[in-house]
Amino acid sequence: MTTVGGAAPAAAGTLVSTVNLDAGAGRHHSSATVTYERVDGAENSVRIISLQAFSGEPDCVWVEWNDPKDVGDGWTVLNSEPPCHGGSIEETINQVIKAPKGHQLKIRLAAYHDGGLDVIHKDIAKL
């Protein structure tokens, strides 16, 4: 089995899924691919296996999940650092994210202009 970013294959019988995110257009276009699997026996939990992210030329991007414990804006970053100015990052994450029953797990690509605090472009997907 081949997975994105050289991540270790999932256990036999475990379904590995990917979600693609795109935000912005032209030189502001950023994208990400997140590879994940459901955690057997755990309700509303997934293991983020790996991610790839590419930033638009004037932007920096974060891949985030809607963490119910986050007291800030409700989103917690997954990548260790943001790719900026047309750069990219590929990481093996191997992190379980979970939420209480009824809280839909989501992932988002958030693009910021370098040095800015406001999300300029974003894409959100359900896991």
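Predicted model: local features only at pLDDT ≥ 70, side-chain atom pairs only at ≥ 80, totals over all residues.
Let's start inside. The largest nonpolar core has 24 residues. If you want to find it on screen, pick the ones with the most contacts inside it: Ile 48, Leu 51, Val 63, Leu 78, Ile 107 and Leu 127. Strands E1, E2, E3, E4, E6 and E7 each give two or more residues to this core, and E3, which runs 45-54, gives the most, with four.

Now click on Leu 51. Leaving out residues up to four places away in sequence, Leu 51 touches a whole list, including Val 34, Val 63, Leu 78, Ile 89 and Ile 93.

On to the charges. How many salt bridges does a search of the whole structure find? Four.

One is Arg 27 with Glu 57, closest N and O atoms 3.6 Å apart. Arg 27 sits in the loop between E1 and E2, and Glu 57 in the loop between E3 and E4, 30 residues apart. Glu 57 is partly exposed, at 48% relative accessible area.

Then there's Arg 47 with Glu 37, at 3.3 Å. Arg 47 is in E3 and Glu 37 in E2, so this pair ties together parts ten residues apart in sequence. Arg 47 counts as partly exposed at 26%, while Glu 37 is buried at 10%.

Last stop: Asp 73 and Arg 108, which meet at 3.6 Å, N to O. Asp 73 lies in the loop between E4 and E5, and Arg 108 in E7, so parts 35 residues apart get tied together. Glu 64 joins Asp 73 and Arg 108 in one network, through salt bridges that share partners. And Arg 108 is buried, at 5% relative accessibility.

Technical notes
Residues numbered from 1 in each chain as written. Heavy atoms only, no water. Core = buried A, V, L, I, M, F, W, Y, C linked by side-chain atoms within 4.5 Å. Buried < 20%, exposed > 50% of the residue type's maximum accessible area, 1.4 Å probe, protein only. Contact = heavy atoms within 4.5 Å. Salt bridge = Lys/Arg side-chain N within 4 Å of Asp/Glu carboxyl O.
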